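Here is a short walk through one structure. Keep the sequence and the 3D view side by side as you read.

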Amino acid sequence: MIEIENVRKSFGPLEVLKGINLTVTKGEVLTVIGGSGSGKSTLLTCINGLEPIDSGKIRLDGTEVHAKSTDLNKLRQKVGIVFQQWNAFPHLTVLENVMLAPMKVRGVSKDRAEEIAVKQLTHVGLAEKLSVFPSRMSGGQQQRMAIARALAMSPEYMLFDEVTSALDPMLVGEVLDTLRMLASEGMTMICVTHEMKFAREVSDRVAFFHQGVMAEIAEPDRLFTAPQHPETVKFLAATH
Ligand SMILES: Nc1ncnc2c1ncn2[C@@H]1O[C@H](COP(=O)(O)OP(=O)(O)OP(=O)(O)O)[C@@H](O)[C@H]1O
Ligand SMILES: [Mg+2]
C-alpha cells in the first residue's frame with residue numbers, strides 16, 4: 001500500500017504539492033490527470049524517493065520513504081518508474097539493456113538476469129527483438145522495452161509518467177495495451193496520463209490535480225460524467 005499523508009513540496013518559492021493525501025491499495029490502478037505544472041510528475045518522483053519532500057509522509061508498505069534510516073536503493077526495487085522517454089544504452093542490445101539492472105542492482109547472475117529479461121521482454125511482446133539495438137525499434141517498442149526493464153526488477157508498484165505522450169498516435173495503442181495487461185494482472189499502478197479514454201477504462205480511481213492540490217478523486221465513471229470540482233469540469237471540457 002502507498003500512503004501519502006499531507007505531503008508538501010516546494011521548488012524554491014514555488015509550492016508544487018500543497019498537502020496531498022492519498023492512499024493507493026494493493027492491486028489498485030490509479031490514474032492522475034491534470035494540467036501542465038499541476039504537480040503530477042513531482043508526486044511520482046516523491047513516491048519513489050527521487051525527490052525529497054518538505055513535510056508530510058509517504059509510506060510504502062509501512063516503510064517511510066523519506067526517513068533517514070530508509071535504504072532508498074532497496075525501496076526503489078519495489079517501485080518501478082517509467083518516464084516519457086528512457087534513453088537505453090545504444091551499444092547494448094535490447095536484451096542486454098533489460099539485463100543490466102537486475103545484475104547491477106539486485107546482484108543476480110548473468111544467466112538468471114537473462115532468464116528474467118527474456119521473460120519480461122516476451123511479456124511485453126518483444127520476444128523477437130532480443131538481439132536488436134534500441135535505435136532499431138519504434139517508439140512504442142522502446143517504451144515497452146522500458147516497461148520490461150522496470151518489470152525485470154520484480155516491482156510491487158509501477159509508476160508511469162505519461163509513457164505515451166512522446167509517441168506517434170499510431171504507436172500509443174500498443175503501449176496502452178501493455179499497461180492494460182499489467183492492470184489486469186493485478187499490478188498496483190499509478191499512471192499519469194493525458195489519455196482520458198484509457199483512464200476511464202482502466203482505472204479504479206482517477207485523481208485530478210490542479211495547481212499542487214488534488215482537487216478531486218473518484219471512480220472514473222463518476223469523475224468523467226459528473227465532475228464535482230469546477231476545475232475538473234474546465235479541464236475535462238478542454239480535453240474533449
Ligand atoms: N526540479 C525542479 N526544479 C524547479 N522546479 C521544478 C522542478 N521540477 C518541477 N518543477 C516545477 O514544479 C511544478 C510542477 O511540475 P511537475 O513536473 O510536477 O508538473 P506536471 O503536472 O507533471 O506537468 P506536465 O503535465 O507538464 O508534465 C512546475 O511548475 C515545474 O516547473
Ligand atoms: Mg509531468
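A search of the whole structure finds one aromatic pair. Rings of Phe, Tyr and Trp (its six-membered ring) pair if their centres lie within 6.5 Å; planes under 30 degrees apart count as stacked, over 60 as edge-to-face and the rest as tilted. Here the ring centres of Phe208 and Phe235 are 5.2 Å apart and the planes stand at 45°, so the pair is tilted. Phe208 belongs to strand β9 (residues 205-210) and Phe235 to helix α9 (residues 230-239), so the pair ties together parts that are 27 residues apart in sequence. Helices (H or I, at least four residues) and strands (E, at least two) are DSSP runs, numbered from the N terminus. Both Phe208 and Phe235 are buried, meaning under 20% relative accessible area, with over 50% counted as exposed and partly exposed in between (1.4 Å probe, protein chains only).

A word on the basis. This is a predicted model, in which local features need pLDDT of at least 70 and side-chain atom pairs count only at pLDDT 80 or more, while totals for chains, interfaces and linings use all residues. Residues are numbered from 1 along each chain as its sequence is written, chains are lettered from A and ligands numbered from 1 in the order in which they are written, and side-chain values use heavy atoms, with hydrogens and water left out.

Now turn to the sheet. Four strands form an open sheet in the order β2-β1-β4-β5, with antiparallel pairing. Two strands pair if DSSP finds at least two bridges between them. β2 and β5 (63-64) are at the edges with a single partner strand each, so one side of each has no neighbour in the sheet. Strand β4 (residues 55-60) is joined to β5 by two bridges. Arg59 stands opposite Glu64 in β5.

β2 (14-24) and α1 (40-47) each supply at least two residues of the shell around ligand 1. The largest share, three residues, comes from α1. Among the residues around ligand 1 are Phe11, Leu14, Val16 and Glu162; a residue is near if one of its heavy atoms lies within 4 Å.

Which polar atoms lie by the oxygen atoms of ligand 1? A polar side-chain atom of Lys40 lies 2.7 Å from one oxygen atom of the ligand. A polar backbone atom of Gly37 is 2.8 Å from an oxygen atom of ligand 1. For a backbone N or O atom of Gly39, the distance to an oxygen atom of ligand 1 is 3.0 Å. Taken alone, ligand 1 exposes 630 Å², and the protein buries 59% of that; accessible areas come from the Shrake-Rupley method with a 1.4 Å probe.

Definitions and conventions
Polar contact = N/O pair within 3.5 Å; in protein donor to acceptor, adjacent residues only side chain to side chain.
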